[in-house]
Amino acid sequence: MKAAVIYTPGGPEQLTVEDRPVPQAGIDQVLVKVMAFGLNRSELMTRKGYSPGVVFPRILGIECVGEIASDPSGKWLPGQQVAACMGGMGRDYDGSYAEYAVLPSSIIFPFTSKLSWDILGAIPEMFQTVYGSLHLALRIQKGQTLLIRGGTSSIGLLAIQLASHAGLSVIATSRSENKKQFLIDKGADAVLIDDGNLKAQVDEFYPARVDKVLELVGANTLKDSLSCAKPGGCVCMTGMLSEIWSIKDFAPMEYIPAAVNLTVYDTGQMKVEQDAFQSFILMVERGEIQLSMGGVFKLDQIVKAHELMDSDKASGKIVVTN
């Protein structure tokens, strides 16, 4: 099989496509024929050597869609459509940047769909993250106001649609004035240009502040995001677009405004129900949700795909297909 392997942390050029034997599934494992996978910022971090405990060489990739190639337990049938994400993929063991992957049975999600593999490849981690952040962490309710910090990211773009679909008023942010109409077209009710001080703009346009905040930029903007939430409101830190995830000299009593809640969402700790995953796929099939695609590549173009992710110029999810 073909696999993209990284031997030494660094830039996109460290990814090398090579021939490897097709691995064999063991106890509580399945062999998946990988048809497509999305790229994620966490893989960029691992590629750079920022993920503690990752041993190189490694096949990266924290998500995939494909078909069951073999299952020693007999639970899954050959050819059955499945998705998988997290659970140590691409970190603790080899992940999805390959034509085949051996994965734990516990992270397998069966589904049925007539969507093309490139579209399906954009879904698993992106949907899990957005749905989990909005419904499990923030517990959004119809009529609330949601501020999405990092609205032009693939996670942000999907969050705009799911929150709007749920009846919320959505405010999205971008660092570029040129992206304002783009976010409005994607379903945002309002757009704020992020200059690092959103509190001043929220105080001006939303004096009562907002009910919920989805923080996708990182720890460097979290304090400002917390100041945008009203008492009783909630901020969920989900993303690290800035590649900053720690806070020096964190003093909770000074950092978190009174009566504002702070939470996180991590697909490695909490999974979305299988029924919600299938329901979302049906929404995409019916055209109720439009996935924003940032580019589709083949496995032998993995370096170019990572270069695009590094550039921050992709307006949507980057997908690699086999």
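**View 1. Here we zoom in on Thr267, in the loop between strand 13 and helix 9 (274–285).** Everything in these views comes from a predicted model, in which local features need pLDDT of at least 70 and side-chain atom pairs count only at pLDDT 80 or more, while totals for chains, interfaces and linings use all residues. Residues are numbered from 1 along each chain as its sequence is written, and side-chain values use heavy atoms, with hydrogens and water left out. Helices (H or I, at least four residues) and strands (E, at least two) are DSSP runs, numbered from the N terminus. Is Thr267 buried or exposed? With 2% relative accessibility, Thr267 counts as buried; the cut-offs are under 20% relative accessible area for buried, over 50% for exposed, and partly exposed in between (1.4 Å probe, protein chains only). Leaving aside residues up to four places away in sequence, Thr267 touches Met86, Glu125, Gln128 and Thr129, where contact means heavy atoms within 4.5 Å. Glu18, for its part, sits 249 residues from Thr267 in sequence and 30 Å from it in space, C-alpha to C-alpha.

**View 2. Now for the open sheet of six strands, ordered 10-9-8-11-12-13.** The pairing in this sheet is parallel, and two strands pair if DSSP finds at least two bridges between them. At the edges are strand 10 (190–193) and strand 13 (261–264), each pairing on one side only. On average, neighbouring strands are turned by 20° against each other, direction ignored. For such angles, axes are lines fitted to C-alpha atoms (for helices, over the stretch in contact), and angles run from 0 to 180 degrees between N-to-C directions. Look for strand 8 (residues 145–149) and strand 11 (residues 210–215): they run parallel and are joined by four bridges. Which residue of strand 11 is the bridge partner of Ile148? That's Leu214.

View 3. How many of the eight residues of helix 7 are buried? Six are, leaving helix 7 mostly covered. The buried ones are Ala219, Thr221, Leu222, Asp224, Ser225 and Leu226. Their cover includes strand 8, helix 6, strand 11, strand 12, helix 8 and strand 13.

**View 4. Next up is Ala163, a residue of helix 4 (residues 154–165).** Ala163 is buried, because its relative accessible area is 0%. What does Ala163 touch, not counting residues up to four places away in sequence? Its contacts are Leu134, Leu146, Leu168 and Val170. For a sense of distance, Met126 is 37 residues from Ala163 in sequence and 14 Å away in space, C-alpha to C-alpha.

**View 5. Tyr50, Met240 and Trp245 make a nonpolar surface patch.** The patch comes to about 310 Å². Patches are made of residues with over 30% relative accessible area and no salt bridge, with like charges joined within 9 Å and nonpolar side chains (Val, Leu, Ile, Met, Phe, Trp, Tyr) within 5 Å. The areas come from the Shrake-Rupley method with a 1.4 Å probe, and for residues only the protein chains shown count as cover. Trp245 is in the loop between strand 12 and helix 8 (252–255). At a relative accessible area of 44%, Trp245 is partly exposed.

**View 6. Lastly, here are a few of the 13 salt bridges.** Side chains of opposite charge can pair when their charged atoms come close. A salt bridge here is a side-chain nitrogen of Lys or Arg within 4 Å of a carboxyl oxygen of Asp or Glu. Lys2 pairs with Asp19 this way, their closest N and O atoms being 3.1 Å apart. This pair links distant parts of the chain, with Lys2 in strand 1 (residues 2–6) and Asp19 in strand 2 (residues 15–19), 17 residues apart. Lys2 is partly exposed at 36% relative accessibility, whereas Asp19 is exposed at 57%. Glu18 forms a salt bridge with Arg20, with 3.2 Å between the closest N and O atoms. Asp203 and Arg209 also meet in a salt bridge, at 3.5 Å from N to O. Shared partners join Glu18, Arg20, Arg58 and Asp94 into one network of salt bridges.
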